[in-house]
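Subject: Structure handover

Hi,

Here is the structure for you to look over. My notes follow it.

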Amino acid sequence: MSREELHDLMQDALKGSEADQTEIVAMMTDSALTWYAENMIHQHVAEHTGQVQVRAVQGKKVGSSSTTDCTAEGLKLVVQQASQAARLMPDDPDFPGLPQPQPVLVASNSSWIAETAQSKPEERVQAVRNVIDRAEREGLRAAGTYAVQDSELAVMSSTGVAAYHRYTVAALKAVIMGEDSSGYGFMSSADVGEIDPDAIGEQAVRTAVETRHPIEVEPGAFEVVLSPFAVEELMSMMAYLAFSARSVEEHTCFLEGHEGEQIVSPLVSLYDDGLDPAGMPLPFDFEGMPKNHVDFLIHGRGGSVVYDSYYAAKSGHVTTGHALQQPNDMGPYPLNIFMGAGDSTEADMVSHVERGIYVTRFWYGNPVEPRRAVVTGTTRDGTYLIENGRKTRGVHNLRFTQSLVDMLEHTVEISRNRAVLASRYGIGAMVLPSMRSEEFRFTSVSR
Amino acid sequence: MDKFAERVLRAAKRLGATYCDCRAVDMEREDISVVGGMPRAAVHAHQRGFGVRIIADGAWGFSSSSVVTDAEADRIVEEAVAIAHASALAKKADIVLAPVDAVQDMVPHQADIDPFLISDAEKMSVLAEATRAMMVPFVVLARGQMQFLKERKTFASSEGTCVIQDRIESGAGISAMAASDRGGVQVRSYPMSFSGDNAQAGWEFIEGMKFLEHAGPTAREAVALLSARPCPSCVLDLVVGGQQLALQVHESCGHPSELDRVMGMEASFAGTSFLTPEKKGNFRYGSDIVNLTADATIPHALGALAYDDEGVKGRKVYLVRNGIFEQYLNSRASAPVVGEEPMGAMRADGFGRAPIVRMTSINLEPGDLTFGQLIGGVENGLYVDGIRSWSIDDRRLNFQFGSEIGWIIKGGKLQDMVRNPTYTGVTYEFWRSCDGIGGPDLYHVWGVDNCGKGEPMQVAHVSHGTAPARFRQVHVGVLHE
């Protein structure tokens with residue numbers, strides 16, 4: 001369906017609504033994924049899904065309905081269902097009404113790349129074979145995914161909101177495994193042409209080889225150098241625990257009540273920016289509201305959190321353009337998190353550590369004590385001992401139990417280079433550097 | 001077999017596929033949430049579409065679409081075949097499926113009262129009443145949620161199987177968050193945290209939860225936790241409540257028993273498993289009293305199924321019998337590799353995703369102890385329950401779990417309440433230390449609707465039958481400072 005056809009379809013459905021206010025959100029996605037393991041492709045899929053969600057408002061009553069039937073009849077029916085649902089709902093006194101339209105900046109042309117949208121399964125297989133061949137040359141086993149996606153997001157409402165964005169994502173991941181070690185590589189971009197399977201394979205193979213025959217280190221507090229992949233897992237948990245209005249409502253937000261105060265190292269700046277072309281831009285949210293730049297931490301000082309129109313009205317703020325599909329139980333969410341770049345390199349960081357741990361990835365993080373962002377998880381796919389400024393050998397994976405606020409407080413170095421890490425949920429990305437923290441607590445050893 | 005599925009299977013054969021299955025899904029969902037007595041969200045969703053799985057050139061191809069037309073069927077089959085041919089460029093061996101009998105069947109749902117016939121207003125009012133009742137002093141947030149699913153799934157294969165399965169699921173839960181002036185935050189949930197308890201049942205399941213009766217006690221426990229002492233950090237005997245044990249079974253038995261994970265297929269995401277094939281039939285997973293089953297036949301269990309998404313009949317198998325690891329959760333392609341028969345554990349999330357090995361209902365069989373006997377057998381220990389936090393390594397060995405609430409056990413009796421209890425260990429060491437399991441009176445099958453696995457991510461609805469159980473000498477109270 002063309003952009004114009006989708007626009008006309010949504011507009012016709014809006015005209016047919018009997019509700020006081022109506023909003024239609026359409027998400028159309030063509031995606032494909034080549035999944036490989038044990039040096040072969042074991043699943044290879046494509047998916048073509050359209051989904052339309054309608055929010056109908058009758059006074060203070062809100063009804064919502066969605067469908068995968070994206071025909072004119074399907075939209076007409078789902079609008080009717082949402083209106084009917086609204087009439088039967090109790091009043092929601094906190095509901096502020098659908099947001100009024102605001103100007104949305106057009107995202108850069110680099111968000112949608114034709115070559116990505118039109119990529120062929122054979123091309124993905126060839127890329128995967130390059131990774132597998134590299135692993136096999138070292139007697140290792142390759143696993144991973146090569147995913148491509150072409151998505152359209154359109155929001156239209158009876159208040160005059162009309163927003164449309166099309167974007168592509170290509171992401172290749174490699175986990176290379178040996179008898180007692182593993183390594184990791186990942187690259188993502190809107191442009192499939194920027195994905196370099198050889199570089200990804202090389203990075204993962206090198207790590208798997210270098211960390212062979214790991215030794216066990218006693219758990220305890222270590223100085224750590226974290227790769228961008230490791231930082232991503234930690235920032236995902238931080239986003240959940242502390243960066244949204246819902247986290248304030250739930251008292252899990254360590255920023256609450258500390259705006260402007262020095263909370264962590266002045267080296268650390270964290271923000272959400274849906275327009276920065278260095279990431280994977282998304283110019284508006286699921287209410288069609290423009291994405292605002294939101295600072296969570298500015299040189300270590302406490303900043304703000306993200307809002308959608310509901311939480312904004314409830315707490316006396318304005319929406320920052322971070323609504324997910326409405327209504328929902330998650331609240332607003334930052335989908336384009338950046339950590340400000342530093343002036344170091346990963347090699348510099350390692351050279352500054354006398355004895356510490358280099359972490360390629362963290363895994364299965366989960367909050368232990370949300371208010372201080374205390375989380376637990378384990379390392380995986382390449383954990384090194386650093387001795388006298390060098391990554392000397394692999395160590396067995398370690399479990400950490402650590403306050404992320406404390407970790408940021410003890411951060412002493414951040415890299416210039418940042419990796420673009422597309423979200424596994426198919427929308428948005430984080431742009432993150434490597435970082436060095438002087439204290440990070442590992443609490444047990446994995447076998 | 002319906003005409004649409006016939007068309008798909010014919011087209012696949014014409015294009016050279018040696019195997020094809022078509023899975024059409026028509027699904028309604030409803031999610032209701034209430035905060036502090038006020039409606040927060042009511043979302044109705046309808047999904048309809050089909051997925052086509054092909055073997056051609058000895059390799060898999062899969063494609064799916066939400067457009068259910070003849071023309072789209074032809075296009076999707078063509079794409080699935082093309083993908084299979086591309087996959088074959090990197091194959092090591094042809095896919096071989098274990099033989100299964102072709103079946104034709106129609107399976108009804110298990111609900112007495114269709115929850116989709118109950119108005120949103122009535123659902124909201126149940127949660128509103130309960131969450132209002134939880135707003136006692138120091139409770140700052142009271143949440144309630146319900147979720148319902150109604151599905152018709154039609155599976156047809158080129159081997160002659162055609163199964164139509166209807167399914168209705170209902171689930172709900174409430175939680176109270178209490179906050180102190182000093183910044184402490186505590187949560188208690190009923191009947192279980194996150195989305196509560198879920199079952200293949202109707203509105204009668206929600207009515208049976210009696211939220212209003214439990215709202216006050218749940219809220220008062222959250223408040224009491226604010227002034228409870230912190231969990232001690234030491235090695236103690238541990239009694240784990242049924243809810244928490246459901247999580248333990250899920251993470252440390254269910255996932256490591258998935259044969260695709262064991263064979264490395266999940267290595268790039270969820271990881272692998274310590275339960276490698278040479279351990280089958282001889283590895284001491286737990287103590288003699290530990291019996292863990294995968295049972296797809298339990299009436300109303302959320303993870304039960306009549307047939308999986310390969311058309312294999314669901315059944316009961318022992319994963320661990322008398323403490324010894326015995327069998328995997330498997331698929332038609334993976335089962336023969338380790339000398340097993342397919343046992344009906346291939347499941348897909350909706351129409352859009354290809355099936356992968358999933359849990360059904362994974363259960364710790366009950367023992368014969370009363371709750372008093374479990375606690376009475378502990379001189380110095382801790383009792384914990386209420387799932388709060390979980391983490392386990394990528395081989396499913398090193399785990400660390402947190403519970404909502406705990407109580408010190410001294411001299412065989414429950415004593416002081418403790419806050420933020422955690423415990424950690426290594427899977428097989430933990431299960432080997434199990435020396436007491438509650439009896440059938442304490443046994444409950446918990447429905448869990450948020451099990452994530454696979455790429456792209458798929459969410460499965462599974463269940464876990466558990467009773468409280470006792471474990472000796474466990475490291476509790478992991479310190480982070």
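Below is what turned up, part by part.

Keep in mind that this is a predicted model.

Chain A against chain B. The contact draws 76 residues from chain A and 67 residues from chain B. On the chain A side, strand S2 (residues 40-58) gives the largest share, eleven residues. By class, that side of chain A holds 26 nonpolar, 31 polar and 19 charged residues. S2(A) also pairs across the contact: four bridges join it to strand S3 (residues 59-65) of chain B, and the two run parallel. Within S3(B), Ser64(B) sits opposite Glu47(A).

Domains of chain B. The assignment gives domain 1 (3-227) and domain 2 (230-476). Their C-alpha centres are 21 Å apart. Contact between them involves 43 residues of domain 1 and 34 residues of domain 2. On the domain 1 side, S2(B) supplies the largest share, five residues. That side of domain 1 has 21 nonpolar, 16 polar and six charged residues.

Helix H6 of chain B (residues 242-254). This one deserves a look. H6(B) has 13 residues, yet its end C-alpha atoms are only 16 Å apart. A straight helix would reach 18 Å at 1.5 Å a residue. Is H6(B) enclosed or open? Twelve of its 13 residues are buried, so H6(B) is largely enclosed by the rest of the structure. Among the buried residues are Leu245(B), Leu247(B), Val249(B) and Cys253(B). Gln243(B), Gln244(B), Gln248(B) and His250(B) are buried as well.

Best wishes

Terms used
Residues numbered from 1 in each chain as written. Chains lettered and ligands numbered in written order. Predicted model: local features only at pLDDT ≥ 70, side-chain atom pairs only at ≥ 80, totals over all residues. Contact = placed C-beta atoms within 7 Å. Nonpolar A, V, L, I, M, F, W, Y, C, P; charged D, E, K, R; others polar. Pairing = 2+ DSSP bridges. Expected span 1.5 Å × (residues − 1). Buried ≥ 20, exposed ≤ 12 C-beta atoms within 10 Å, placed from the backbone. Domains from an automatic or database assignment.
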